[in-house]
Amino acid sequence: MQRFFKIKEKKNDKNFIGMGTFWKSIKQDLKTTDQKKYSPFEDELDLFYICSLVGLKLKLKENDEDYNLTDLTDTWTKNLSEKSKAKQYILAMLLNITTKNHFNNKNKIQEIMNSFLDSTSSTSLSASGLKELHQYCFGGYKRILKECGNDTPSSLVVFLNKVKKILD
Amino acid sequence: MSKIEEVKITGWSHKGLRIPDYEIDLKDPNSKRNFSLILQLSGEGKTTTLHLLRYCFYNFLKDIENKKERNERFDSIKSLDNTINKGQFVLKLKLNNEINYKIHLEFDFKNYELKYFTSAGDGEGMDAGLNLPDSLKYHLKPEFIEKSFFDLELVNELFDEQEKETDKTISNLCKIYFLDTISKSFDYYKEQREENVEDPNISESDVRGKKLKREKIQQQIKNIEKKAAEMSTKRKSLKSEYNKLDNEEKKIREDKKEIDRILTDAENNLKEKEDELEKTFSEAYDFLKNPMSLDQRLFDELKVFEDNLTKKSIPKSVGEAFFKDLVASDECLCGEQMTEARIKKINISKTKYLTDETYTVLNPIKAVIIESKKIPNDLINKSFGELIKKEANLRRAKNKLIDVRKNFDNERLVEIVEIKTEIKNELKPLNEFLEDTYKKPYNKGDTPDEESKKSLEKQLEKIEDEISQGTNTVDLSNKTKIVKKWIREIKKESLEEISKKLVDDINKEVPRVMPYEPIYVKSIKNKIELEGRTGAAQGQKARITYLFLVTLLNRPNLKFPFIVDSPVTAMDDVSRVEIAKTLSKDLKSQYIGFLLPPERPNFANTLDEELKKNINLIVAFSKNKNTQNLIDQARNYDTVDINKFENGVVAYDRDFFYSFSGTYSNDEEGKE
């Protein structure tokens with residue numbers, strides 16, 4: 001089964017903040033009294049989405065072999081796939097980037113799409129499509145981390161404004 | 001065996017379980033005694049006994065697939081003595097007032113196993129399994145049992161529109177749900193016929209694919225129904241807890257009205273600021289979830305991407321089945337004979353054509369790009385800019401509330417507010433699923449992974465149509481649809497007719513049950529709605545609930561025990577008296593009430609009086625150092641044998657029932 005993964009740690013870099021730790025600093029926590037109580041981020045895939053967005057927008061790729069990964073989930077969340085069109089946008093951006101160099105070659109475009117998409121998978125992506133997306137996601141994560149001074153953000157307001165700044 | 005018209009419980013015994021090892025005997029002289037009250041202290045295993053009684057009528061483990069949940073259920077019944085690994089519960093029944101039945105539940109707590117044994121008649125022989133007569137099995141579905149074993153939480157649920165508990169209760173007690181079983185049997189018949197079709201219109205692999213999709217949708221419907229049922233149970237329990245806390249809070253605040261006003265203002269202000277910040281966070285994330293709206297360059301890029309695909313007629317698919325059928329045929333499209341080399345070439349070239357799988361994913365992506373519109377930058381910038389402002393507003397509102405609370409020193413109130421907030425937070429995802437996700441309408445691009453029942457049912461209908469067209473069973477499918485439509489209509493009309501009759505019957509009794517302030521029922525569609533008023537006191541609601549249930553229970557052909565846990569808890573004197581009168585006058589089936597000592601006044605004596613003492617008044621408690629004073633009380637009654645059971649006492653003495661003081665030896669305040 002195709003799954004989403006997150007970065008647990010970077011190989012040979014003990015100081016690298018994993019996505020799990022980063023997630024804890026922005027995820028919704030109804031029991032706390034700080035800003036996280038009102039966080040719009042309910043599922044860990046939300047962070048994966050934002051990182052993918054940044055990676056795809058800025059065309060930043062990271063080699064997933066450089067990281068130790070850990071399991072996230074095997075499907076898009078309702079928030080990203082039903083209550084919004086976020087999933088479709090990410091897939092559109094991924095296909096746009098990967099087919100861009102074959103703009104006039106219909107067969108090649110179709111070949112790439114066949115190799116990247118898979119309606120029978122709950123992620124809608126094949127193994128190779130998913131691998132490609134992860135590389136952009138990790139590229140985006142690295143960029144966000146850099147913007148946060150290689151640390152977790154001090155608050156949710158800070159995090160959202162930093163992401164906005166990167167995307168502007 | 002002739003038709004079973006009446007089931008009576010004549011007693012039960014237990015050993016090696018969380019409750020003491022004793023036996024309860026419900027005496028039934030001349031087969032004319034229907035009422036029994038069992039007086040127990042709080043924490044003495046009433047709820048465990050009720051669960052065990054339920055489990056005697058259906059194997060509860062069948063519905064529990066989750067191992068952890070299954071083990072938890074076992075552990076809640078298991079004796080606290082860790083050396084005991086086996087337990088037994090035996091229920092004695094009398095059917096039609098003549099045939100004795102025994103149901104044995106043998107628990108193996110070490111291996112988490114449960115075995116059922118049944119014995120019919122008075123002999124010693126037992127058969128493995130839960131073997132009740134067929135005509136009885138037909139009635140005793142879990143839905144029916146759940147409603148016959150009633151607790152007062154149902155009162156609030158019956159008045160809550162969100163739960164739609166009136167319809168569910170009527171459907172379960174009048175067994176309207178059997179119509180669904182009939183409806184499903186038509187589907188089963190149709191599926192069997194599809195299997196035997198010899199000349200389908202589409203390839204076998206296509207038929208197989210569509211059937212697999214149907215199975216997936218059917219399974220998903222089962223999964224989400226189970227999930228919704230679990231969430232609904234959790235929601236009911238949370239709401240009940242919330243209501244109790246809310247009432248307690250109201251009482252505390254009523255005593256200090258001025259402070260309450262200031263506190264309410266500060267709380268409302270905080271709530272407003274919280275909502276504003278939450279909304280702004282949500283808006284900001286919504287922008288991020290719509291990246292084309294954020295950035296003109298990305299917007300243009302994706303529009304060009306979509307435009308290019310459209311110009312190249314992408315997507316337009318050639319199904320995998322086409323290539324499969326092609327390589328399996330003797331001839332190639334060009335008319336030449338199919339060879340290994342040609343098959344290889346086709347398998348390589350087919351990747352250049354869009355597959356069905358790609359087509360299915362690509363279409364919605366294109367649609368999203370086409371529909372996307374750019375949002376003005378200043379609007380987006382303003383939304384992100386607002387985050388800092390709203391966060392500061394919230395901080396100020398919080399400080400203000402802290403100041404007010406400092407002047408209002410009531411620990412319990414603070415605790416109640418905190419717990420209520422926690423409950424509200426827990427309710428949020430439950431409500432989202434039950435009211436939003438589960439009821440979401442069907443959308444064209446929906447997949448079998450959806451969690452919306454409406455969407456899945458629509459998808460099922462569509463795939464059923466495709467299968468019947470592919471398998472030449474359209475005629476049968478149409479007939480099935482008509483029959484199922486009739487069944488739905490019958491179900492709807494039955495519910496309406498029963499509801500109307502119930503309202504009439506309840507209202508006839510209102511002047512007697514509520515003599516001082518009669519409250520009439522206007523409707524019981526989805527919830528109990530009162531005539532000319534929006535609410536009623538808890539005691540009044542409870543009286544109407546009893547009327548509702550007693551009237552319902554008297555409807556079916558089968559008289560089945562009505563078992564109630566804490567039947568009149570937190571109820572005023574008048575309500576207790578009137579409920580006792582309603583039960584004694586109107587209930588035709590057996591009644592077993594598990595009573596706490598504070599519930600005894602006005603209820604037990606009224607029942608006793610109305611029934612002219614034709615009632616079992618039983619006291620049961622465990623034997624341990626904490627209950628020494630209860631044992632000492634029992635010693636004063638000659639008819640009470642305190643040595644009959646090793647770790648429990650069961651007394652059938654009327655005087656002892658009324659004098660039983662009901663406190664533990666080392667508990668000054670009592671645990672009632």
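Predicted model: local features only at pLDDT ≥ 70, side-chain atom pairs only at ≥ 80, totals over all residues.

Biologist: Which residue stands opposite B:F107 in strand 6 of chain B?
Modeller: That's B:L114.

Biologist: And what lies in the loop between strand 5 and strand 6 of chain B?
Modeller: B:Y112 is in that loop. Its phi is near 50°, a positive value in a residue other than glycine. Most residues other than glycine have a negative phi. B:Y112 counts as partly exposed because 15 other C-beta atoms lie within 10 Å.

Biologist: Where is B:N96 found?
Modeller: B:N96 sits in the loop between strand 4 (86-95) and strand 5 of chain B. Phi of B:N96 is also positive, near 50°. With 16 C-beta neighbours inside 10 Å, B:N96 is partly exposed.

Biologist: What order do the strands take in the open sheet with antiparallel pairing?
Modeller: The order is 2-1-4-5-6-7 in chain B, six strands in total. Strand 2 (23-25) and strand 7 (127-128) stand at the edges with a single partner strand each, so one side of each has no neighbour in the sheet.

Biologist: Nice. What about the open sheet where the pairing is mixed?
Modeller: That one also belongs to chain B and has six strands, in the order 8-11-12-3-13-14. Its edge strands are strand 8 (149-151) and strand 14 (648-651), each pairing on one side only. From one strand to the next, the twist averages 20°.

Biologist: Is strand 3 of chain B enclosed or open?
Modeller: Largely enclosed by the rest of the structure, because four of the five residues of strand 3 (residues 35-39) are buried. Strand 3 pairs in the parallel sense with strand 13 (residues 615-622) of chain B over five bridges. Strand 3 also runs parallel to strand 12 (residues 591-595) of chain B, and five bridges join them.

Biologist: Which residues are opposite B:S36, then?
Modeller: In strand 12 of chain B it's B:I592, and in strand 13 of chain B the bridge partner is B:N616. B:L37, for its part, stands opposite B:L617 in strand 13.

Biologist: Switching to helices: where is the place of B:D206?
Modeller: B:D206 is in helix 8 (residues 204-255) of chain B. With 19 other C-beta atoms within 10 Å, B:D206 is partly exposed; the cut-off for buried is 20 or more. B:D206 and B:G470 are 264 residues apart in sequence, yet their C-alpha atoms are 8.6 Å apart in space.

Biologist: How many residues does the contact take from chain B and from chain A?
Modeller: Chain B gives 43 residues and chain A gives 39 residues. On the chain B side, the elements that give two or more residues include helix 9 (257-288), helix 14 (356-371) and helix 16 (411-437). The residues on that side divide into 23 nonpolar, nine polar and eleven charged.

Biologist: What ipTM and pTM does the predictor give the complex?
Modeller: An ipTM of 0.93 and a pTM of 0.61. For chain B, the mean pLDDT is 85, with 93% of its residues at 70 or more.

Biologist: Where does pLDDT stay under 50 in chain B?
Modeller: Over residues 666-672. The model has 13 contacts beyond four places in sequence for those residues.

How values were computed:
Residues numbered from 1 in each chain as written. Chains lettered and ligands numbered in written order. Buried ≥ 20, exposed ≤ 12 C-beta atoms within 10 Å, placed from the backbone. Pairing = 2+ DSSP bridges. Axes fitted to C-alpha atoms, helices over the stretch in contact; angles between N-to-C directions. pLDDT = per-residue confidence, 0-100. Contact = placed C-beta atoms within 7 Å. Nonpolar A, V, L, I, M, F, W, Y, C, P; charged D, E, K, R; others polar.
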